[in-house]
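Me: I'd like to go through this one with you, a question at a time. Mind if we start with the backbone and then move to the rings?

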There are 2 protein chains.
Amino acid sequence: MKMRWFFLICMFSGLLAQAQSVPLQWEPVAPGVWKATVGQPDKVDLLTTAGGSPRKEALQKLGEAPFPLPQAECSAEIKEGKVYLRFPLQEEEQLFGLGLQFKTVNRRGQILNLHMDHYQGRDDGRSHAPVPFYVSSSGYGVLINSARYITVYAGTAVRVNSQHPPRVYDRNTEPDWSAQPYSDAVEMLVPAAGTEIYVFAGKNSMEAVQRYNLFNGGGVLPPKWGLGFTHRMPTLSTAAQVKAEATAFNEHGFPLDFIGLEPGWQTKAYPCTFEWDKSRFPDPAAFVKEMQAKGIRLNLWLNPYLSPASSLYSAAKPLSGSHTVWNGLVPDLTLPAAQQLYKNIFKTQHVDIGVSGYKIDEVDGVDSWLWPDVATFPSGTTAEQMRQVYGVMMQRLTTGWFREKGVRTYGLVRASNAGASSFPYVIYNDYYNHRDFITALCNSSFIGVLWTPEVRASKTAEEWLRRMQSACFSPMAMLNAWADGTKPWSFPEVEKQVKDVALLRMQLFPYLYTVFSQYYLEGKPPVRAMNLVEGFSFQHQSQKAALDGTENPYRMALREDVKDQFMLGDDLLVAPMFTGQTTRKVILPQGKWYDFYTGEYVGNGNIIEATPGLDKIPLYVRDGGIIPMIPPVTHTPAPDEQLPLEIRHYGEAESTAVLYDDDGQSYDYQQGKYMQYRLSAKKDKHAKWQGQVVIENKQGLKVAYKNIKWRFMLPESSGR
Amino acid sequence: MKMRWFFLICMFSGLLAQAQSVPLQWEPVAPGVWKATVGQPDKVDLLTTAGGSPRKEALQKLGEAPFPLPQAECSAEIKEGKVYLRFPLQEEEQLFGLGLQFKTVNRRGQILNLHMDHYQGRDDGRSHAPVPFYVSSSGYGVLINSARYITVYAGTAVRVNSQHPPRVYDRNTEPDWSAQPYSDAVEMLVPAAGTEIYVFAGKNSMEAVQRYNLFNGGGVLPPKWGLGFTHRMPTLSTAAQVKAEATAFNEHGFPLDFIGLEPGWQTKAYPCTFEWDKSRFPDPAAFVKEMQAKGIRLNLWLNPYLSPASSLYSAAKPLSGSHTVWNGLVPDLTLPAAQQLYKNIFKTQHVDIGVSGYKIDEVDGVDSWLWPDVATFPSGTTAEQMRQVYGVMMQRLTTGWFREKGVRTYGLVRASNAGASSFPYVIYNDYYNHRDFITALCNSSFIGVLWTPEVRASKTAEEWLRRMQSACFSPMAMLNAWADGTKPWSFPEVEKQVKDVALLRMQLFPYLYTVFSQYYLEGKPPVRAMNLVEGFSFQHQSQKAALDGTENPYRMALREDVKDQFMLGDDLLVAPMFTGQTTRKVILPQGKWYDFYTGEYVGNGNIIEATPGLDKIPLYVRDGGIIPMIPPVTHTPAPDEQLPLEIRHYGEAESTAVLYDDDGQSYDYQQGKYMQYRLSAKKDKHAKWQGQVVIENKQGLKVAYKNIKWRFMLPESSGR
């Protein structure tokens, strides 16, 4: 009898608990952006940590929009000090984002525990950028602004009381039985007493991403040198060896804009002192200056964990967490005093002598050497929160120091998160699968981060070339020779081809810089997954698989993503080749497309077979695409340099484009001090192509181009 | 100024928070067993769910022992509603347990998030038995009695204020730098407002495991038929096909004790009705009876998720969770009403007509189809807790129904947890790596669960034979042909060898049954990792690895575990062979060892090379080992059967052993109704070996053996 009473009480309190789920209350915070608050959000969250200010004008330009979801179906509930969230999902929707994953693009049907970590070969949410933001193919985005390990059920869970229940099949007899029945909601568990949630509207998924990026301060515009080629030295290199390396690049006619120094530049590393090792670098200031005179910037490797050998150690100890990383202190960078301590040494040792940027390593994990989740920090920030944002804090701090000096920086980081799109950092890692690197490029575009597929080593000349080709069409073109000292010409049989593609990247500099300016001005990511491209109608496919009692006992459907090609800016479609391929499929969006190299028409909204040979990476330009190019230089343009410009126009459509420029190094562009060339291509009354260049907004800046020439890449059919 | 105040307050509250860490208060709960309580433990925990009663007499027999750890160093702290735990760790300790992992044995240096899930190829804590219990090579065990996703840092984290700090190396210049510096503690994060913690003493790790098992009610003793061979039918098999299969086994002279029916025995499956499909099984009761008359028991597959087609559906709905699994209801089995609902149908449809056991599938995960962590249950039990214990609840319920009928059962389950050692279930899964299956056998022995490496399919006859050999030396010898209908004789070229090893298992029945009786009586697991064996002194080894910028950038040490051989009971060392091997290393514990087949001396505490040929699985017996065997029968002994007994004695040591027996099917043994034959082998005054059998405790039971003969497997050196 007692038992029965207990049971009834349980039942009743259970029903009460379920009844607590209530619709979220939305408050507009910018045009097309809304915020809801559930419970008592943490003091430390993602957006506050990143500290971006919404780019209001740009958001106003995108305009107002209606709330993109049925509000009554976006609900929240707090149970056991955790937030349970639910957002509706239509049957045809695809979902993207939710962290920098490497294997798949469409997240629908996945479960992710968004947890800062080195990527470990599985799209389970552990990632260098576990960004709790998803964007729907239906044109909206949802951000959970919490620095917690959030679990996302991206259309996997089916409620008993679902409004759109899936059909029930019998596995015994019905072959259409599926191990993953249709689910009509995204459900999320935020292990915190409260959280903010943001929704971003869009007329398509790109516009939702734009609003997301603009709300966070817009995307980064790197300094011009950041878009050149970079090379990282073996770890114990000396100043003399670094100079010799620069000379060798020069002798090989290979482009080089900045060199990265690995741990050995410091007196101690792992844990670090952040101080120059004078045996390898006797006069750092003179060395940095001498390199800069050769047009070579310097980037310094570090991880933020402080060596007991550092003079800062005793001052840092009370400002640090309870646990060490590799015996180094973990400063609590939420504390102004800890920030100041690091600023002092970083400024005097690096920034003030002209070092141009950092490579911030190991702020992502790996679990087995990062501070554990039981660590405590003097500010009271939990280990979990600290882990989710440590990389963002390091980005923000270092960026601030360069900003105070008035110079832009561009570096590498191994951990990022929501709100960090304006930081001048690309994510990298130790993973090394070429195909997966390209998938990550696609995925980076949904979540406001930059990713770069670095080249380290290769088994064959073919692999070397294919990897180099991909690297040259990414946010940072990098060879990382820290461990083995490879050079771009280490495979002589492909030296010419490697140089060609590196120089092609240099030629494309005006286009690339313009593409990045869009990231800042409009929030459009420079590299874009095909699913962000208007007119790209490829439908996510599932294929029934065969039952295999051992390999696939649940006969899980095999899903097809488009993850091996991407857009670089509005006009250029990049389709990397992988080792062993002599041919590959390329899916063209709607509209006519042309071969970048020849101007040939290749197709329209269809799947083509590319056979570029070993020398080339397949590149396609949309109809009317305008690609401004400079000669094959070995350094990106210096502030006082004037270079010839070739403007290529592709296809048959009359068109206009903007070519962006600014001083290339300061932050003046953020006060509107940038110029835009309007490039127009049209046919005259004799049907002859004419190109026109008008400077619309000179702002007293210097014109960087001379001898401007148009080249109309007419398809053969037009009788070129 | 404001900022500085804020900072000081943060600092202060941070220090306060750190100061809250206090030593745990231990209360003795059984001889050599202590409990501590931190905070407010959950209502649902692991041991309460399993419901075992400590085997007090057996624990008293093991005796009192001092608390095995420095009490001041076992500390706890509650922060943010979570429990932070810390236990000290000496430099030489190895740690075992922490879930049914498949790749490694020694947990020291690992981080595990103990999370019920299908094993996914990585020892990260996701497992079919995420048991939060570890046992140290120093002879103690620690259990966290919480049904939560517990994170364990098993000697990975290094505190700033460590009492035993690791040496600091410079990675730049010192090759001994390690990515994992020495850590002097196990730290754990229990995401709950409180928990119980148990410590188990031991003079070695085996004794700690024994106390752990005995405290949980002792290990299971299966019915005799459970130790025979079992075969699972293709899913849509009919009654006639099942009978034909039994006949085929008989014709091939292949042993068979029970047959498993896969989903198709039900009217609907995935989700399930638990009701017989009358088109395939027109008269289930008669069918079960007819099979039993042939000496064949029946085991029914199920998962616990209720089909909308079930007559129970509407009654079950208010007793079920908010989410479905494959469109089936998930009954809240903490509710007596839900238990009763299932009992009614399971009893009438299965137990009462003579079905002998279940295979309880998919209670482990996989994430993508299990209820999400945002699911709610009417009892208020959280989704996380429900997930950690659902498999244990199903084991407890089903076991109870058979117990009410007075018959033992023995079945399969895909999820278990702490406290479940007395349940008659072996864990299985869909994973299929033969080597890893053996590692799991080793790991099962630390945590009070049984695991079985089932055979499904093979690419070659060699693989088939090697897998069958392993299966025959495991807790359940099973061929699972659900998907493809393979038979033991499907590879004719090894049919004889497969039959030989299956019959050898049958011959070893008296030994096997005795080994299992030790699990119940003494808490000693039947299959034992070498690390539980006294006199096994193999030291866990780490080897420095080469730096590889791509494959091993942190130059992580490669660790060597002993995970490919194990003990079956006290005397038999099993060293499975894997496909492609013609020879393998076997590590012998201290003492003389002899070949099982020939009696030859093979070594003493050294590493030997086994070259058994394809026909045999290497088996070794310790000096003085006594192995009682019956003839090669095809069914395990029936209650009224008397069989000849050959008692083998190995080596040169005089010895005694116990042979256990009971009625083989009831629970009377738990009231002491079992008999023990004392087997003694000694040399008489003429140095001639003499064997003696004394029945010590007949209890009115029938003597199961006739024509008892001793066989002294004298080594060649003794002039056999």
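Me: What is the relative accessible area of B:Q699?
Reply: B:Q699 counts as partly exposed. That label covers values between buried (under 20% relative accessible area) and exposed (over 50%), using a 1.4 Å probe and protein chains only. For B:Q699 the value is 38%.

Me: Before we go on, what kind of model is this?
Reply: Residues are numbered from 1 along each chain as its sequence is written, chains are lettered from A and ligands numbered from 1 in written order, and side-chain values use heavy atoms, without hydrogens or water. Local features need pLDDT of at least 70, side-chain atom pairs count only at pLDDT 80 or more, and totals for chains, interfaces and linings use all residues, since the model is predicted.

Me: What is phi of B:Q699?
Reply: B:Q699 is in the loop between strand 38 (689-695) and strand 39 (705-713) of chain B; helices (H or I, at least four residues) and strands (E, at least two) are DSSP runs numbered from the N terminus. It isn't a glycine, yet its phi is positive, near 60 degrees.

Me: And B:W326, buried or exposed?
Reply: B:W326 has a positive phi too, near 50 degrees. You'll find B:W326 in the loop between strand 18 (323-324) and helix 8 (336-351) of chain B. With a relative accessible area of 3%, B:W326 is buried.

Me: What is omega for the peptide bond from A:Y270 to A:P271?
Reply: A:P271 is placed in the loop between strand 16 (258-261) and helix 6 (284-293) of chain A. The bond from A:Y270 to A:P271 is cis, with omega near -5 degrees.

Me: How many aromatic pairs does the structure hold?
Reply: Rings of Phe, Tyr and Trp (its six-membered ring) pair if their centres lie within 6.5 Å; planes under 30 degrees apart are stacked, over 60 edge-to-face, the rest tilted. Over all chains, the number of aromatic pairs is 100.

Me: How far apart in sequence are the parts tied together by B:F200 and B:F215?
Reply: That pair is edge-to-face, 5.8 Å centre to centre with 70 degrees between the planes. B:F200 is in strand 14 (residues 194-201) and B:F215 in helix 4 (residues 205-215) of chain B, so the parts they tie together are apart in sequence by 15 residues.

Me: Which residue's ring has the charged end of A:R648 over it?
Reply: The test is NZ of Lys or CZ of Arg within 6 Å of the ring centre and within 35 degrees of the ring normal. At 4.9 Å from the centre, the ring under A:R648 is that of A:F596.
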